[in-house]
Amino acid sequence: LGGSISRALAQMSNATVIDEKVLNDCLNEISRALLQSDVQFKMVRDMQTNIKRIVNLEALAAGTNKRRIMQQAVFTELCNMLDPGKPSFTPKKGKPSVVMFVGLQAHNDVHSGLGHRLTASNPTHKLKAVKPLLVSGSSGKTTTCTKYAYYHQRKGFKPALVCADTFRAGAFDQLKQNATKAKIPFYGSYMESDPVKIAVEGVERFKKENCDLIIVDTSGRHKQEAALFEEMRQVSEATKPDLVIFVMDSSIGQAAFDQAQAFKQSVSVGAVIITKMDGHAKGGGALSAVAATKSPVIFIGTGEHIDEFEVFDVKPFVSRLLGMGDWSGFMDKIHEVVPTDQQPELLQKLSEGSFTLRLMYEQFQNILKMGPIGQVFSMLPGFSAELMPKGHEKESQAKIKRYMTMMDSMTDAELDSTNPKLMTESRIIRIARGSGRPVRDVMDMLEEYKRLAKIWGKMKGLKIPKKGEMSAL
Ligand code: GDP
Ligand code: MG
């Protein structure tokens, strides 16, 4: 995909005259690539129309870097398509929230009732024999419920899991196993067959137990598809979730839009999670899911393991969609904003790949100064989305300052070590005392360090292009 977009843009750059035809040829090539990446046909067409409106032909013809102008336009347009314009509900610690997960669980037997689907033209929940919604494996709902619970548990929430999937044998055992491993309380039943009853009982129980994040896992299949959507509606009505999350396998391709829409018509979906982003799928279906549900993507699943779960970050995602690679935007930014004399040192540190607490401290200083290097770091995939989420800049700055206060109580040896085992309990307690912060905060800071070190480590050995070598698309 990246290849064909790259080719299209190169052709455009080489064209001596830029006219309507050249622009159209270029856009067609980009569109073909996006379609291959499972972006829905209608969305590709909308993108084309918008780009034509944004890109001024004369400016493009006169511009010295045509490739860059087009690349920027396509990039921005795709980012906009992933932004539904309103943030999703976010749970608050200490206040009980109910989050319901929905998503399909495929099987290959399209001759059963599941071979039918609900569509926009068939909103009355009547069955109609058309092409199946189900094209590949499970959406990854149960796994994602646990990841979501675990993620919040590490942030100090008290999560709990409720298994309201009574359709599939073994569903409760799977959730139970996951939950036990992560030390998260769970509720379910081997006997009860009414999912609404279980959901309500579970939610009530965990509210009494003062859990602040009650997660309801649901069934993904049924004898008849219409019955599944009716069941989702009933569970939602009975448990009154603060948020319904639609979970989608990144590889379902063009089926994404109809699937997402079918759920949206039954329950009020407020966020999307895309799973299996570690596979080959580029995830163009995410655009469809956002369009169909008018809700943002909040996380992506990047593996089977419980911590292979990332806050969704639009820009790296779009880079990947366009085949630009996660790092190219970041590299571009280095050359763009970091003073030339500071570049070698920074690139050196990056290519070494070892991230000490002292290095983290320095980057925090940079970020707070909002200087050029700070800007660069906020572009590093995974750095900004969690550390400085949009709209929470004040809290983020306070958090960074808090981390720095604690790091002020660390010894040189601690700051320069790359060995996580060095941070023993007694050292953690000493740092907490020295900085007047609770132990929990020191642990949080060290968790953040581990997370950032992992991201930083990915830079190791990366060939860093010199200025002018960038061919982002
Ligand atoms: P459900 O049927 O929708 O509840 O899906 P499950 O949670 O049971 O997951 C189905 C399969 O997908 C399991 O084998 C999971 O380990 C796997 N899975 C879920 N999320 C991911 C992911 O992000 N990456 C990978 N590689 N596998 C995943
Ligand atoms: Mg399941």
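**Exercise 1.** In this predicted model, find what E5, helix H10 and E6 make together, and give its hand.

*Solution.* Start at E5, go over helix H10 (residues 256-266), and end at E6. These elements form a β-α-β unit. The unit is right-handed.

**Exercise 2.** Work out how strands E5 and E6 run relative to each other, and how many bridges join them.

*Solution.* Take E6, which spans residues 269-275. It runs parallel to E5. Six bridges join the two strands. For one such pair, look at Val244: its bridge partner in E6 is Val269.

**Exercise 3.** Describe the pairing of E5 with strand E1.

*Solution.* Locate E1 at residues 97-102. E1 and E5 also pair in the parallel sense, here over four bridges. Then check one position: Val102 stands opposite Phe246 of E5.

**Exercise 4.** Decide whether the residues of E5 are buried or exposed, and sort them by the way they point.

*Solution.* E5 covers residues 243-249. A residue is buried if 20 or more other C-beta atoms lie within 10 Å of its own. Seven of the seven residues in E5 are buried. Now sort them. Leu243, Ile245, Val247 and Asp249 point one way. Val244, Phe246 and Met248 point the other way.

**Exercise 5.** Characterise the shell around ligand 1 by its number of residues and their class.

*Solution.* Count first: 16 residues surround ligand 1. The closest are Ser138, Gly140, Lys141, Thr143 and Gly301. Next, sort by class: 12 are polar, four are charged and none is nonpolar. Last, find the largest share: helix H6 (residues 141-154) supplies three residues.

Definitions and conventions: Residues are numbered from 1 along each chain as its sequence is written. Chains are lettered from A and ligands numbered from 1 in the order in which they are written. This is a predicted model: local features need pLDDT of at least 70, side-chain atom pairs count only at pLDDT 80 or more; totals for chains, interfaces and linings use all residues. A residue is buried if 20 or more other C-beta atoms lie within 10 Å of its own, exposed if 12 or fewer, and partly exposed in between; C-beta atoms are placed from the backbone. Two strands pair if DSSP finds at least two bridges between them. A crossover is right-handed if, with the strands pointing away from the viewer, the path from the first strand over the helix to the second runs clockwise. A residue is near a molecule or strand if its C-beta atom, placed from the backbone, lies within 6 Å of it. Ala, Val, Leu, Ile, Met, Phe, Trp, Tyr, Cys and Pro count as nonpolar, Asp, Glu, Lys and Arg as charged, and the others, Gly among them, as polar.
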